[in-house]
Amino acid sequence: MAAATLLWAAGAAAQPAVSDATLAVDTVVAQLSAPVAMAFLAIDDFLFLEKNSGRVRRVVGGVVQAAPVLDLAVNAENERGLLGIAINRESPPRVFLFFTEAADPDGDGQPDGGAAIGNRVYRFTWNAPLARLENPQLVLDLPVSPGPNHDGGVLVLGPTPTPGPDPLVGDGSVLYAVIGDLNRGGQLQNATGGAAADDSGVILRVRQDGSPAVGNPFAPYCSGTTTQTCPSGGGCPAGQSCRSAVGRYFAYGIRNSFGLALDPVTGALWDSENGPGSYDEINRVAPGFNSGWTPLMGPDGRDAQGVGDLFVMPGTSGTYSDPEFSWLHPVAVTAIAFPSGGALGPAYDHVALVADFNLGHLYRLPLNADRTGFALGDQGDMVIGGAEGAA
């Protein structure tokens, strides 16, 4: 069996070459300006984001509406900008946006090209009669420097967690958000003696007001004496602080990611992760997962250094695991999705779909029986050499 089926590739005239005769590709809208993410309000009614302009646009019946539903002040340098969106099931729905907020000297809320002041997640209310997003509420205030890349930005709203819905916070589902390492090198990048946890290189799992979700894996700990926990937020030795923010984390050691998805069958979280000069990854993200960056990208078996020097977050016993799939030569892997319910036909109910930026490819990776990895025959450590090994 091939490593992965290449479903389509970008064509010279913007028409993809499709390898599966059961699929067809239709153009819904075209001539967009740096679109990076989308989410549906209803069937045939969705919002999409323009990374560089900070505009949230609406498409109804295949027609881009003339006026944006929101225009934000963003800093769009490099990988910064308007990056992620998720919509809950309240009535009216709340819309979550991840963006690099810029200074807005004239206070008009428009993109002014100001200095980056933070990567932020806000919750807005959808005003359907006026077709606009209103009432911004800050959910997450995350770092932005040094950057200007590795900002992540993907948002996913998850299934209702145990013990049940939270009627006080949104629709009761949890919000996942990923932020890259921002070119930092602290404990969250597996430098044991580095700076304490600082909200970089992590996947966060929070309630819809930004507070830690029930069942998160990490216990707050003291900034210097990392073996000493501080669940109440205090009691650390003199000169140290309680790193209470780690209570919001679900995973760490993430270099950068443009893809998060929840398997609709198992509820498991998966991510795509971007390597430097080698190893883009697809990971199944268990609670407390350490993805291994900076010391490690790709399978541990291909790295002589081993995992013994990785930072072990207090409250865990070491939770590194190899990627489920890797590209030796990075293709700039982006989104990951799990079709279900026959949306693309029954043959696609047991696969993951993954895209890349560099080549404009979409890949089909068959899942194993328990959906914990991929069924790829004799692929060994699940590494392919690049685009030439994908079809």
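Tutor: Searching the whole structure, which is a predicted model, turns up 14 salt bridges. As background, side chains of opposite charge can pair when their charged atoms come close. Let's start with Arg58 and Asp45, whose side chains form a salt bridge with N and O 2.7 Å apart. Arg58 belongs to strand β5 (residues 55–60) and Asp45 to strand β4 (residues 45–50), so this pair ties together parts that are 13 residues apart in sequence. Arg58 and Asp45 are both buried.

Now look at Arg55. Arg55 makes a salt bridge with Glu50, where the closest N and O atoms are 3.9 Å apart. Glu50 counts as buried because its relative accessibility is 5%, while Arg55, with a relative accessible area of 33%, is partly exposed. Arg55 also meets Asp71 in a salt bridge, at 3.5 Å from N to O. Since Arg55 lies in strand β5 and Asp71 in strand β7, the pair ties together parts that are 16 residues apart in sequence. Strand β7 covers residues 70–71, and Asp71 is buried, its relative accessible area being 16%.

The charged end of Arg255 sits over the ring of Trp293, 5.2 Å from the ring's centre. In a second example, Arg364 lies over the face of Tyr348, 5.0 Å from the ring centre.

In one of them, the ring centres of Tyr252 and Phe311 are 6.4 Å apart and the planes stand at 75°, so the pair is edge-to-face. Tyr252 is in strand β17 (residues 249–252) and Phe311 is in the loop between β21 (289–290) and β22 (325–327), so the pair links distant parts of the chain, 59 residues apart. Tyr252 is buried at 0% relative accessibility, and Phe311 is buried at 4%. Elsewhere, ring pairs join Trp270, Phe325, Trp327, Phe338, Tyr363 and Phe374 into a cluster.

Last, turn to the nonpolar cores. The largest has 25 residues, and Leu140, Leu155, Leu175, Leu204, Tyr249 and Met313 touch the most other members. Strands supplying at least two residues each to this core include β8 (82–87), β9 (94–102) and β17. Apart from this core lies another, of 20 residues, including Val331, Ile336, Leu365 and Leu376.

Key. Residues are numbered from 1 along each chain as its sequence is written. This is a predicted model: local features need pLDDT of at least 70, side-chain atom pairs count only at pLDDT 80 or more; totals for chains, interfaces and linings use all residues. Side-chain values use heavy atoms; hydrogens and water are left out. Rings of Phe, Tyr and Trp (its six-membered ring) pair if their centres lie within 6.5 Å; planes under 30 degrees apart count as stacked, over 60 as edge-to-face and the rest as tilted. Helices (H or I, at least four residues) and strands (E, at least two) are DSSP runs, numbered from the N terminus. Buried means under 20% relative accessible area, exposed over 50%, partly exposed in between (1.4 Å probe, protein chains only). A charge sits over a ring if NZ of Lys or CZ of Arg is within 6 Å of the ring centre and within 35 degrees of the ring normal. A nonpolar core is a set of buried Ala, Val, Leu, Ile, Met, Phe, Trp, Tyr and Cys residues joined through side-chain atoms within 4.5 Å. A salt bridge is a side-chain nitrogen of Lys or Arg within 4 Å of a carboxyl oxygen of Asp or Glu.
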